[in-house]
Amino acid sequence: MATSSSSHLSKAVKAQYMELPQGDKVQAMYIWIDGTGEGLRCKTRTLDSEPKSIEDLPEWNFDGSSTYQAEGSNSDMYLIPAAMFRDPFRKDPNKLVLCEVLKYNRKPAETNLRITCKKIMDMVSDQHPWFGMEQEYTILGTDGHPFGWPSNGFPGPQGPYYCGVGADKAYGRDIVEAHYKACLYAGVQICGTNAEVMPAQWEFQVGPCEGINMGDHLWAARFILHRVCEDFGVIASFDPKPIPGNWNGAGCHTNFSTKEMRDEGGLKAIEESIERLGKRHSYHIRAYDPKGGLDNARRLTGHHETSNIHEFSAGVANRGASIRIPRSVGQEKKGYFEDRRPSANCDPYGVTEALIRTCLLAEEGDEPTDY
């Protein structure tokens with residue numbers, strides 16, 4: 001199995017230095033989404049005291065020409081702190097700081113979807129929209145081969161791996177456990193984890209989160225996963241179809257509800273939302289992966305527990321539908337629904353914003369309304 005050489009460096013030697021006192025200074029790791037819309041970047045600065053809120057964190061900048069975000073002749077981009085978490089790698093009082101990116105003219109970068117998502121969420125805050133996102137991912141060696149798979153072939157067919165236990169069924173659990181604990185330490189709203197259908201594929205769930213917090217917490221959880229995998233010398237892939245053929249793809253199923261849906265008789269509001277979603281399928285497909293639907297086309301084939309990308313469908317307890325109403329929700333006539341279309345590499349800001357625009361603001365057509 002190809003693992004990175006840095007993972008073989010002595011962690012015991014590193015621990016000697018990590019335990020040194022750091023005085024009153026604090027390390028703040030600034031994290032942002034790069035020009036691909038799915039890659040993450042980070043860099044660290046020293047602060048003179050522990051920040052208690054976002055307002056205590058200074059703006060910063062970086063070279064956008066090296067992150068697919070600017071030309072070399074005008075490359076300064078601004079980092080605007082947006083959400084702060086405890087740092088599980090350097091530990092307290094150090095921080096992880098999730099940032100928005102602005103261009104040289106203070107306008108949002110093309111991949112800064114948070115800025116409009118926040119605006120849309122503020123418009124419907126009285127409806128208390130809750131989200132829960134189920135992030136699937138695949139652990140790969142640095143050679144791109146799935147972790148634990150035979151070097152010159154395939155493992156046994158799918159069946160025994162989903163929620164499996166045992167060395168022949170669960171590939172890479174150490175990474176999952178480390179990530180889970182690191183997220184809890186950081187203050188990320190992680191609510192569960194399980195092995196997925198394809199061997200070396202796993203899932204973690206984040207939520208319930210209200211409004212803009214969904215995107216903030218999912219991006220923080222993704223960053224922490226990449227950083228944990230770096231320590232183990234492997235790669236976390238969010239590719240929606242990492243292995244072609246008769247293997248499950250990777251999605252980011254999104255659960256959604258409002259206060260009205262959660263209250264008695266909320267099924268009516270759920271059904272109204274699903275009806276609106278059905279009329280705006282192509283808009284959502286474009287919003288549900290960073291390449292406007294091209295990535296998801298490899299996954300949404302109508303096979304392997306997916307709906308067909310060209311058709312909208314909904315059903316109770318149906319994992320082959322675009323929208324699934326959980327059986328308990330059908331019985332209790334209230335709760336939430338699950339949109340199974342978003343790809344594993346979706347931008348959660350884009351997904352949650354699209355759901356609000358269609359379900360709560362009753363937008364129609366293929367383009368978002370400008371407010």
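Reader: Quick one to start: does Ser 7 count as buried or exposed?

Author: Ser 7 counts as buried, because its relative accessibility is 14% and the cut-off for buried is under 20%. Keep in mind that this is a predicted model.

Reader: Where is Ser 7 in the chain, then?

Author: Ser 7 sits in the segment before α1, and that helix covers 11–18.

Reader: And what does the side chain of Ser 7 reach?

Author: The backbone oxygen of Ser 4, at 2.6 Å.

Reader: OK, switching to annotation. Where does UniProt place the "GS beta-grasp" domain?

Author: An unreviewed UniProt entry puts that domain at residues 24–106. In the model, residues 24–106 are 0% helix and 47% strand.

Reader: Which way do β3 and β4 run, parallel or antiparallel?

Author: Antiparallel: β3 (residues 60–63) and β4 (residues 76–86) are joined by four bridges. As an example of who faces whom, Trp 60 is opposite Leu 79 in β4.

Reader: How many bridges do β4 and β5 pair over?

Author: Eight, again in the antiparallel sense, with β5 spanning residues 95–102. Tyr 78 is opposite Leu 102 in β5.

Reader: Let's talk holes. How many cavities of 30 Å³ or more does a search of the whole structure find?

Author: One. The space in the largest cavity comes to about 100 Å³.

Reader: Which residues lie nearest the centre of that largest cavity?

Author: Ile 33, Cys 99, Glu 100, Val 101 and Asn 112, out of 13 lining residues.

Reader: And where does the largest share of the lining come from?

Author: From β5, which supplies four residues. That's the strand at residues 95–102 that pairs with β4.

Reader: Now the other domain. Where does UniProt place "GS catalytic"?

Author: At residues 113–371, also according to an unreviewed entry. That span is 34% helix and 17% strand in the model. Its end C-alpha atoms lie 15 Å apart.

Reader: I'm looking at α10. How many residues does that helix have?

Author: Helix α10 has 12 residues, 348–359. From first C-alpha to last, α10 reaches 16 Å, close to the 16 Å expected at 1.5 Å a residue.

Reader: Why is α10 described as largely enclosed by the rest of the structure?

Author: Because 12 of its 12 residues are buried. Among them are Glu 353 and Arg 357, along with Val 351, Leu 355 and Ile 356.

Reader: What about the start of α10: which atom does a side-chain oxygen of Asp 347 reach there?

Author: The backbone nitrogen of Tyr 349, to within 2.9 Å. Tyr 349 is itself one of the buried residues of α10.

Reader: Changing topic again. Where's the place of Phe 337?

Author: Phe 337 is in strand β13, residues 337–339. Phe 337 has a relative accessible area of 0%, so it is buried.

Reader: How far apart are Phe 337 and Thr 254 in space?

Author: 8.4 Å, C-alpha to C-alpha, though they are 83 residues apart in sequence.

Reader: Last one: is His 310 buried or exposed?

Author: Exposed, because its relative accessible area is 70% and the cut-off for exposed is over 50%. His 310 is in the loop between α8 (294–297) and β11 (314–316).

Methods:
Residues are numbered from 1 along each chain as its sequence is written. This is a predicted model: local features need pLDDT of at least 70, side-chain atom pairs count only at pLDDT 80 or more; totals for chains, interfaces and linings use all residues. Side-chain values use heavy atoms; hydrogens and water are left out. UniProt positions are given in the numbering used here, feature names are shortened, and annotations may be inferred rather than shown by experiment. Helices (H or I, at least four residues) and strands (E, at least two) are DSSP runs, numbered from the N terminus. The expected span of a helix is 1.5 Å times one less than its number of residues. Buried means under 20% relative accessible area, exposed over 50%, partly exposed in between (1.4 Å probe, protein chains only). A polar contact is a pair of N or O atoms within 3.5 Å; within protein, one must be able to donate a hydrogen and the other to accept it, and residues adjacent in sequence count only if both atoms are side-chain atoms. Two strands pair if DSSP finds at least two bridges between them. On a 1 Å grid over the protein atoms alone, a cavity is a set of points where a 1.4 Å probe fits but cannot get out, and a pocket is an open set with protein on both sides within 12 Å along at least five of seven lines; lining residues have an atom within 4 Å of a point. Grid points are joined across faces, edges and corners, and a volume is the space filled by probe spheres set on the points.
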